[in-house]
Amino acid sequence: MESVEREEQLKQSKRTHEVDGWPRVVQIMETQVGEILQNGDQEIENKCLGTCCPKNCRSSYRLGKIVSKKIKAVTELAGRGHFDCVAHSLPCAPVDERPMGKTVGLDLMFDKVRNCLEDEQVKSIGLHGLGGVGKTTLLKKINNEYFGTRNNFDVVIWIVVSKPVNIEKIQDEKAAHIFKLLKAKKFAILLDDMWERLDLLEVGIPHLNDQTKSKVVLTTRSEQVCHDMEVDKRLKVECLTPNEAFSLFRDKVGETVLNSYPDIRTLANIVVEECKGLPVEECKGLPLALIVIGRSMASRKTPRDWEQAIQLLKSYPAKFTGMGDHVFPILKFSYDHLDNDTIKSCFLYCSIFPEDHDIWNEDIINLWIGEGFLDKFGDLYEARNQGDEIIRNLKLACLLEGDVSDPRCKKHDVIRDMAQWLSYDYGEEKHKSFVLEHVKLIEAYQTVKWKDAQQVALWGSNIDKELSLSPCFLNLQTLILRKSKMNSLPVRFFQNMPVIRVLDSSETVELRELPLEICRLEYLEYLNLSSMMIENMPVEMKNLTKLRYLILDNSNGILIIPPNVISCLSNLQMFRMLHSSLRDIKEYQEVGVLQELECLQYLSELCIKLSKVLAIQNFLTSQKLQKCLRMLQVEHCRGLQEVELPLSTLQRLRKLYFICCSDLKLVEINMGNEEKQGFSGGHI
């Protein structure tokens, strides 16, 4: 019977009726045999004294016949104790059906999960994605349509995790009891809405092994949780395609409303476009926003009602019915679970970029550094490493779009709206940040409402240079003027910006002269003049003694930095001048800039382009500049034949370019200890 019990425990089977009945028959037979043996003992005691003859021959004869029959019966019973099948599989355990409405766009992902569940090598699956994208709905579909209809599991358990689990409450006796119940069963555990790692063994869930073929499926907004849980398969739940998005939106609005006016169907496509959150070629849509907005639009019966609603959705999404009180609070959970205030500030700051904007990691980290978010780290090298880690964590938390290895990121439009709601509507910073894009002409009356602003970002927008009054921005700390078509700024534009710290006017290619007013911004710490056509750097720049970060990349004009300007920027920590198209820069200018940079006490990051042999030789004699070097671009350097780079002092070097150096024969990397690695001109 030990083999029967083992079969029941390991294979979750139930013994057959024949096997179950046989031990009872054996037990009855043993009782009867015991009685016969007892009667036999009595017959022996009743024999005639001194002889072998029984006193009652008839009784002894009858007992003998009983014994003979019983021996035959025992033999037959023992023969029936050999079974080809001792147990059969138990019927499917009941699965609690989860309430679920009609689903849209989940069939493909459901098939992927089903294939994983049927793969014996995959024991655990992690479903991750943006809040409101449909992870819980997908898990319900798996519970109802996979485990509920084709289930060969003994136990299927659904657990909503949500908040951190109090392990202590279910340890010891409860965990031991759960473990005892599950250890020999084939179980499936569905964990919904996980935010951090959960040690399954601590709560009594046995290790997943090949013997029981059990499975765990979890959902989370953070891909990092999938890593921490060491799942065998990670699947990202994506937003809907345009057709799927419109189908879901149509279901919520109703065909009656959509067909009531021809214009309403056209306007419905505009609403779906607002919900998708990514550019058309990406073709994505967020189900949570589509459902909430669709329900709201169902009550709007005329094209005018729809047009007004769309305008509100574009301008003030938090005020749209259901967004500020339902969608954004749900998405806010992802923000609340970020590790610290630094990463939260960095996330909110990303909203200063316009919708559908590809954000280069290097670009946003520069701004985070300029804003002082990463000041607590020892130097710029550590700050950049932390900036990269913050972007990685935000991507894993689905608060930024893009693969963790991609040098760019993007903010889903609905997430961007949520971040603005957090900063300016839900929080205490209301009306302290303004982001405008592609405004042909910003006039004086429009700037009045910026008077309390701390941040103003104008993307591809132009300010009326005939402004009669100088704008008064007494609280403005950050001003971004990117991709403007202006060839000049209004007179006295910067005059009433007394506390501005961050100024970024990069990619304003028509602006050829830097306004002298900028040189009077005594609190300015960050200045980005990249991709501009400025011909002369004003000597008054030396007045910016608090400037810490100066970026002059991609200078397409004849940028001349006057002598003794750089050396006066005594607090400068970062100097960047890369990828410029200048070819006629004078040798003494390059050498002079290097000499002035060497005088700066706090310089810790240098990214520079050099094109003169004497300048390169000067650089290679300066250990200070080598230790600060992060990127070096050597371009159109005639006469440069050999370069030896000491690796010991170039520990922070990340990128090295040699471009159009036709005379270059050899680049030698000095590893120290007399070890050198050479690269010939043909390999550069």
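This is a predicted model: local features need pLDDT of at least 70, side-chain atom pairs count only at pLDDT 80 or more; totals for chains, interfaces and linings use all residues.
Close-up 1. Together with Tyr-146, Phe-147 and Phe-153 make up one aromatic cluster. The structure as a whole holds 9 aromatic pairs.

**Close-up 2. The aromatic pair of Tyr-349 and Phe-373.** The centres of the Tyr-349 and Phe-373 rings are separated by 5.5 Å, with the planes at 80°; an angle over 60 degrees counts as edge-to-face, so this pair is edge-to-face. Tyr-349 belongs to helix 15 (residues 341-349), whereas Phe-373 is found in the loop between helix 16 (361-371) and helix 17 (380-396). The pair therefore ties together parts that are 24 residues apart in sequence. Tyr-349 has a relative accessible area of 4% and is buried. Phe-373, at 23% relative accessibility, counts as partly exposed.

**Close-up 3. Arg-408 over the face of Trp-360.** Arg-408 is placed over the face of the Trp-360 ring. The distance from the ring centre is 5.3 Å.

**Close-up 4. Lys-411 over the ring of Phe-347.** The charged end of Lys-411 is positioned over the Phe-347 ring. It sits 4.0 Å from the centre of that ring.

Note on methods: Residues are numbered from 1 along each chain as its sequence is written. Side-chain values use heavy atoms; hydrogens and water are left out. Rings of Phe, Tyr and Trp (its six-membered ring) pair if their centres lie within 6.5 Å; planes under 30 degrees apart count as stacked, over 60 as edge-to-face and the rest as tilted. Helices (H or I, at least four residues) and strands (E, at least two) are DSSP runs, numbered from the N terminus. Buried means under 20% relative accessible area, exposed over 50%, partly exposed in between (1.4 Å probe, protein chains only). A charge sits over a ring if NZ of Lys or CZ of Arg is within 6 Å of the ring centre and within 35 degrees of the ring normal.
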